[in-house]
Amino acid sequence: MVSPTGVKRDANHLTTPVAPKKSKANGSITSFFGVPKAKANTSESKPPATYASTFNKQKWVASLTTEQAELLQLEIDTLDESWLSQLKEELVTPEFLALKRFLRKEKQSGAKVFPPENEIYSWSRHTPLHKVKAVIIGQDPYHNHNQAHGLSFSVRPPTPAPPSLVNIYTGIQNDYPSFQRPPNKGGLLTQWAERGVLLLNTCLTVRAHQAASHSNKGWERLTQKAIDVVARVRSHGVVFLAWGSHAGKRVAGINQQKHCVLQSAHPSPLSAARGFFTNGHFKKCNEWLAERYGADEVIDWSLTSNVKTSSPFVTIQGPSTATNTSKISTTKQPSPDPLVEDADTTQHAQLRTTDEFEDDVDALEALAAAETAD
């Protein structure tokens with residue numbers, strides 16, 4: 001039989017290292033790095049959970065009254081769920097329901113409304129909330145056939161790019177000389193939308209051939225809510241491009257400590273020469289995104305498959321070059337669109353009837369100033 005002293009010595013010998021082993025196991029490198037790994041996975045899944053995963057669409061629809069469900073059927077069917085989850089409270093307000101009743105009467109009266117119903121919320125489907133990197137704010141949808149399709153400034157082929165979009169292309173070329181305009185004078189911007197550029201008009205419908213006919217009916221409140229949602233939910237920061245006084249008012253409350261807000265004159269022919277061509281917004285947008293998120297997260301502004309216009313960055317053309325470019329868009333030299341002409345006295349009456357000037361605050365201000373000077 002082993003002596004008590006021997007047992008005690010052996011017990012001390014066996015017991016003494018046991019506690020340290022447990023401590024080492026609990027504090028091992030493998031165990032230490034296991035926790036951050038779990039947090040990283042949680043972080044990666046956070047955006048979808050933040051925007052839509054916690055939203056029970058079926059339960060929300062079931063909570064609606066019969067009239068609400070009927071009026072909001074389009075929103076239920078076509079508004080991307082990431083946006084619906086954030087805008088659902090606005091949709092049931094008396095103001096929005098009054099807008100939907102107004103639109104129902106328009107439809108019942110036989111009035112033609114643009115864009116087509118199933119494209120009113122195409123901006124939400126092309127650019128889900130968790131993918132928004134930049135926001136370009138427009139005003140009223142184009143009001144002629146085969147133009148508006150739910151994305152600001154964008155038109156479907158074979159409609160040629162409208163004058164403002166032609167000038168936007170010039171602005172991009174000033175930042176990125178490698179930019180190539182789309183073939184056949186194209187103006188379809190869905191590629192931008194799918195890359196994270198939210199192309200949002202502040203009014204989402206219009207009666208055919210009647211500019212601003214649906215303004216101040218309730219859309220502006222919803223789209224302002226959408227802008228505010230981007231600013232709140234995309235808290236790490238996005239870029240807001242606000243061209244013209246109308247768009248400027250929409251971003252007035254944006255926290256510029258969190259987000260990048262770029263403002264300038266509107267790209268319409270009657271105001272673009274007041275600073276749009278030289279604003280450098282497309283390059284500034286990418287520089288900010290690169291600094292905030294890394295070079296892989298900048299916007300590729302190209303609309304053709306030939307050249308990528310996002311990197312490397314280039315030096316913006318000097319004022320003299322930009323001025324010459326703007327003259328191409330505002331004088332009687334050859335241009336992609338006959339409406340991009342000098343706003344002289346003989347053109348004022350014609351410009352008043354064109355699609356882009358009746359509802360363009362900046363263009364109207366410039367037109368009024370020109371007529372006063374005459």
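Which residues point one way from β2, and which the other way? In this predicted model, A134, I136 and G138 point one way from the strand and V135 and I137 the other way, and all are buried (under 20% relative accessible area, with exposed over 50% and partly exposed in between, for a 1.4 Å probe and protein chains only). In a regular strand the side chains alternate between the two faces of the sheet. Five of the five residues of β2 are buried, so the strand is largely enclosed by the rest of the structure.

The model is a prediction in which local features need pLDDT of at least 70 and side-chain atom pairs count only at pLDDT 80 or more, while totals for chains, interfaces and linings use all residues. Residues are numbered from 1 along each chain as its sequence is written, and side-chain values use heavy atoms, with hydrogens and water left out.

Strand β2 belongs to an open sheet of four parallel strands in the order β3-β2-β5-β6. Helices (H or I, at least four residues) and strands (E, at least two) are DSSP runs numbered from the N terminus, and two strands pair if DSSP finds at least two bridges between them. The edges are β3 (197-201) and β6 (260-264), each of which pairs on one side only. The twist from one strand to the next averages 20°.

Strand β2 (residues 134-138) is joined to β3 by five bridges in the parallel sense; I136 stands opposite L199, and V135 has L198 as its bridge partner. Toward β5, three bridges are present, again parallel, and V135 stands opposite F240.

Helix α12 (residues 219-233) packs on the sheet and touches β2, β3 and β5 (239-243), contact meaning heavy atoms within 4.5 Å. The direction of α12 makes about 155° with that of β3; axes are lines fitted to C-alpha atoms, for helices over the stretch in contact, and angles run from 0 to 180 degrees between N-to-C directions.
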